[in-house]
Amino acid sequence: MNAKTHTAKTITFRFAATLILGCALTAPVSARLSADQIARLGADLTPLGGERAGNADGTIPEWTDGITEPPAGYVAGEHHRDPYAGDAPLFVIDASNLDAHRDRLSVGHQRMLETYPSFRMTIHPTRRSASVPSRIYDATRTAAAAAELVDNGNGVGGAVIGIPFPIPSNGLEVIWNHLLRYRGESVACVIGQAAVTRGGDYTLVKQSLEIELRYSLPGMTLEKLGNTMALFKQKTLAPARLAGDIVLVHETMNQFREPRNAWTYNPGQRRVRRAPNIAYDNPGTSSDGLRTADQLDMFNGAVDRYDWELVGRREMYVPYNAYKLHSDDLTFADILTPLHVNPDHLRYELHRVWVVEATLKEGATHLYKRRTLYVDEDSWSILVADIYDNRDQLWRISEGHVINYYEKPLVWPTLEVHADLQAGRYLAFGLDNEFPMCTWDTDLKARDFTPAALRREGRR
């Protein structure tokens, strides 16, 4: 047996030993939760379905409501102060001690540590900071009693506002929890995106984002929601050669019945066009081919091209509470270094995650044959994704460096990093250190998300 085979088998055995669920669940069949199961939410489970208790050795603490108020001195509109700035690191994982920690690392993180001597993971104490408004907890109990997968898992019926499947029974339910998790009601941001070369060069693409998360709006009903769960508009502000490009998306709840509606405005042509290619494995906007359209927010869009296997739950080192990375004390140049993001500014913690294996269906096409997704039990955010090419070789690893935007509160990545291990490049999306902070609860109107709105903006 060669070393690689031995390592692979060792990882497999260790992985199997860490599963909390006893078997893999694959069929896209969902059953509404019973009253006894729903009663567990807020009792032995968190209100969103995570295990309230800590782990056996105390390295994962009990969830005690997460962050319930901003830290002292925080002023709304400023970059978020780090409530855990006083935490001392527990230890650092690098190539020299990797073997001692493989059982708590994704395959992608192991490969990063093996490939790049400059990469390291600084492990901090686990802080279960995730929280959302109480109305989301209440809505989750209501949704859990009625939610069901429809059209072979391509849509969700019976649910609005809350997490539809807080006690999931298959992989599709976990992914739908991610797609429908609470991210506020409306938000306007200016962010940066950088496709970093192997040598560390990049051109910053500056974009404005406006998003209305219709599924989560207060007072939303199934009738008012219809089949449109979110509205998204992205305008490129710089560099000059790209400035003025606008993308508009109406994200549909059930893309089997109605594919997502998308349009683009090109200032050179001064025309609005339908854009059905903003989906699946088409290149992400201005990403230099380093991410696909369905990689934004770690995974988005239609679920129909993959089989989704729920492998179980696992304790893993994942990016979390990335307030240092979010800080306006840093410049983009401080963060964007050759081969990978500067590890001096990264924080990793031990958390329980749901593990979902997405495998391309027979006859379906996609650049990615397989994805292993690691989904936070406390927020339903995908934190890490290992991504494989059609030779079944590890190709890319994605990280969602989340924080609790505690003025809401909600959990969302402050930065997504999509690393291409074969090319030695990466894409950083969401850079905000040098820009004003996002504005929540913005006064967005339905007319702001129409093709006519794109024409108006393009003429300004």
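These legends describe close-up views of a predicted model. Residues are numbered from 1 along each chain as its sequence is written, and side-chain values use heavy atoms, without hydrogens or water. Local features need pLDDT of at least 70 and side-chain atom pairs pLDDT 80 or more, while totals for chains, interfaces and linings use all residues.

**View 1. Trp63 and Tyr137 form an edge-to-face pair.** The whole structure holds 11 aromatic pairs. Rings of Phe, Tyr and Trp (its six-membered ring) pair if their centres lie within 6.5 Å; planes under 30 degrees apart are stacked, over 60 edge-to-face, the rest tilted. The centres of Trp63 and Tyr137 are 6.4 Å apart and the planes stand at 85°, so the pair is edge-to-face. Trp63 lies in the loop between helix H2 (35–38) and strand E1 (91–93), and Tyr137 in helix H4 (residues 134–146), so the pair ties together parts 74 residues apart in sequence. Helices (H or I, at least four residues) and strands (E, at least two) are DSSP runs, numbered from the N terminus. Both Trp63 and Tyr137 are buried. Buried means under 20% relative accessible area, exposed over 50%, and partly exposed in between (1.4 Å probe, protein chains only).

**View 2. Trp354 and Trp380 form a stacked pair.** Their centres are 6.2 Å apart, with 15° between the planes. Trp354 is in strand E12 (residues 348–360). Trp380 is in the loop between strand E13 (370–376) and strand E14 (382–388), 26 residues apart from Trp354. Both Trp354 and Trp380 are buried.

**View 3. Arginine charges sit over the rings of Tyr280 and Trp395.** The test requires NZ of Lys or CZ of Arg within 6 Å of the ring centre and within 35 degrees of the ring normal. The charged end of Arg305 is 3.5 Å from the centre of the Tyr280 ring. For Arg396 over Trp395, the distance is 4.2 Å.

**View 4. The largest cavity has a volume of about 80 Å³.** A cavity is a set of points, on a 1 Å grid over the protein atoms alone, where a 1.4 Å probe fits but cannot get out; lining residues have an atom within 4 Å of a point. Points are joined across faces, edges and corners, and the volume is the space filled by probe spheres set on them. The count is 4 cavities of 30 Å³ or more. Residues lining the largest cavity include His109, Phe119, Glu399 and Tyr426. Helix H3 (107–115), strand E15 (394–404) and strand E16 (411–420) each give two or more residues to this lining. The lining has 9 nonpolar, 2 polar and 1 charged residues. Here Ala, Val, Leu, Ile, Met, Phe, Trp, Tyr, Cys and Pro count as nonpolar, Asp, Glu, Lys and Arg as charged, and the others, Gly among them, as polar.

**View 5. The second largest cavity has a volume of about 70 Å³.** Trp63 and Tyr137 are among its lining residues, as are Asp378 and Ser379. This lining divides into 6 nonpolar, 3 polar and 1 charged.

View 6. Most peptide bonds are trans. Pro239 is in the loop between strand E7 (228–238) and strand E8 (246–252). Pro409 is in the loop between E15 and E16.

Note on methods. On a 1 Å grid over the protein atoms alone, a cavity is a set of points where a 1.4 Å probe fits but cannot get out, and a pocket is an open set with protein on both sides within 12 Å along at least five of seven lines; lining residues have an atom within 4 Å of a point.
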